[in-house]
Amino acid sequence: MATEESPQVTRRATRSYSASNTAIESTNPPESYKPTINDLGFRQQPLRLEDLLSSFPGRRSQILELLRLLGPLNSPMFPILVYGGPSTGKTSVTLQVFRHLNRPFIYSSCITCYSPRILFESILNQLLFHRKDSGHSYSSVKRCERPSDFVNYLREALENVITNLKGNSGKVSSKMSGRPDGTMVYLVFDNLERVRDWDKSSTILPFLFNLNDILKMPEVGLIFISNTSPDTYYLNIGYAEPIPLYFPDYTEDDLRHIFMANQTNSRLYASFLDVVLRPFCRVTRQVDELAAAFSSLFKKYSEPLSDKEVAPNEEMKRRLFSHIRPHIASALNETFQVRSQPLLKAETNQETKKTNSSRMPGVREDFHKIDFHMSTSAKYLLISAFLASRNPATLDASLFDSTGVSDSHKRKRKASEKSMDQKEMAEQELLMKGPGTFPLERLLAIFQCITSLAEDSLDEEESHELTVEGGSRGLMSDVLLQLSSLCNANFIIKGGSCPLEGSTRYRTAVSEDLALK
């Protein structure tokens, strides 16, 4: 994650688009390669509009609207906010539109650029044609931490690039030279929702939205890509709101067209989608999650076939359905998974746990097993609900906030017998009252604290594997769906609304034994 993306074209090949037939080949440039102004484009043959529309099923209206908002060549534009759920094609469509238009742009992801300084330096490195390599001691061309310094450096770099584009326009055909068209430079900020988690998000977000007015350069266009809706960025600071462009979730027909692309045996895969697509669409419509689930399921589906190129008839379809049916339920349970450090080591520690549990008196060997199937995120959600019900809200800061226990180094007074008795009485009284109620916001906050800790530890180990698109997980919509299922199963009880807060309150029905499991 600390490795900044180079300004080459290869960094713009996103995860979802790399599976398509028009994906950009990932080739590592030589160490001595020096970026030029041609690297502000794709340096490939521009896509025709028909090819662009056919590459993204279900995104015709969004592509045409984005082309309309970008306008003709060298025309000023208002800032654009492209938003929608995860894995809906926002980044892929935006970048391929620039390939179709063959216009210069700068791309920065707020996942790989995880701080203001790294974001500022990433943009300046691309505009100043600087590549971080061993020859430059892997340093940036400018050290920039403050927004004021970034504005000065950015204005100077943009003026040089625009002058270069104007001076070379019309000399040689852009298609022949690989040079991008026009004198407009577009700044693309991907995964904008990550900025809200930064320490200085209250100043960085208004700064980015106001960047167009601060620069006062009509040759610069701003495009923001986000997994959250525009209302999550409403601030009490005056700025021109960007024009929203919504990418809805894919429909079942769209997903069928996406997965049917580039299949060697289309009839066999079509029969496979007839079996698995509809039940999985009730759970998730994210292409990356479906692709991971379908990859292993299709191998199971085609196991009885000796010839993988055969076109299945009705009798063969029924036989294949009977073979794959037991595996669908387990695959559905694995669709919602929150990655966890202990879970990744579960297999290696399974024998150790069994040995330790057998030695402990009063603990059964099957203590860690649950009698029913449940997805990983549902387990996290039940744990969050149990903690919210059994602990008062006043303890949340000390339990989940890293700064809540900052005073632990102070000398503690020795507890008296009277205070110990009062504490025991309070615990008994709390136990007699039973599980308390909690609002939805508190449940989601505890859930986010529990899951983000495990995710952050994994991100540090897997930072070298991050791509431009990154692992934007976007689990919140899935968690709300899981919460509804848990309420229907009576694991979580949905109560009435609080007359003071006006929001619905919940209460857990999970026992302590089940929570420990």
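Mentor: Helices (H or I, at least four residues) and strands (E, at least two) are DSSP runs, numbered from the N terminus. Counted that way, the chain has 20 helices and eight strands. This is a predicted model: local features need pLDDT of at least 70, side-chain atom pairs count only at pLDDT 80 or more, and totals for chains, interfaces and linings use all residues. Residues are numbered from 1 along each chain as its sequence is written, and side-chain values use heavy atoms, with hydrogens and water left out.

Trainee: What is the average pLDDT of the chain?
Mentor: pLDDT is the predictor's confidence in each residue, from 0 to 100. The chain averages 76, and 72% of the residues score at least 70. Over residues 1-27, though, the pLDDT is below 50.

Trainee: Why is Leu154 called buried?
Mentor: Buried means under 20% relative accessible area, exposed over 50%, and partly exposed in between (1.4 Å probe, protein chains only). Leu154 has a relative accessible area of 0%, so it is buried. You'll find Leu154 in helix 5 (residues 147-168).

Trainee: Which residues does Leu154 touch?
Mentor: Contact means heavy atoms within 4.5 Å. Leaving out residues up to four places away in sequence, Leu154 touches Ile123, Leu124, Leu127, Leu187, Leu211 and Leu215.

Trainee: And why does Phe129 count as partly exposed?
Mentor: Phe129 has 21% relative accessibility, so it counts as partly exposed. Ser87, at 11%, therefore counts as buried.

Trainee: What is the phi of Phe129?
Mentor: Phe129 has a positive phi of about 55° although it is not a glycine. Most residues other than glycine have a negative phi. Phe129 sits in the loop between helix 4 (116-127) and helix 5.

Trainee: Why are helix 9 and helix 11 called oblique to each other?
Mentor: Axes are lines fitted to C-alpha atoms, for helices over the stretch in contact, and angles run from 0 to 180 degrees between N-to-C directions. Under 35 degrees is roughly parallel, over 145 roughly antiparallel, 65 to 115 roughly perpendicular, and the rest oblique. Helix 9 (residues 252-260) and helix 11 (residues 287-301) pack at about 55°, with their axes 12 Å apart. The two helices are therefore oblique to each other.

Trainee: Which residues make that contact?
Mentor: Leu255, Ile258 and Phe259 come from helix 9, and Val287, Leu290, Ala291 and Phe294 from helix 11.
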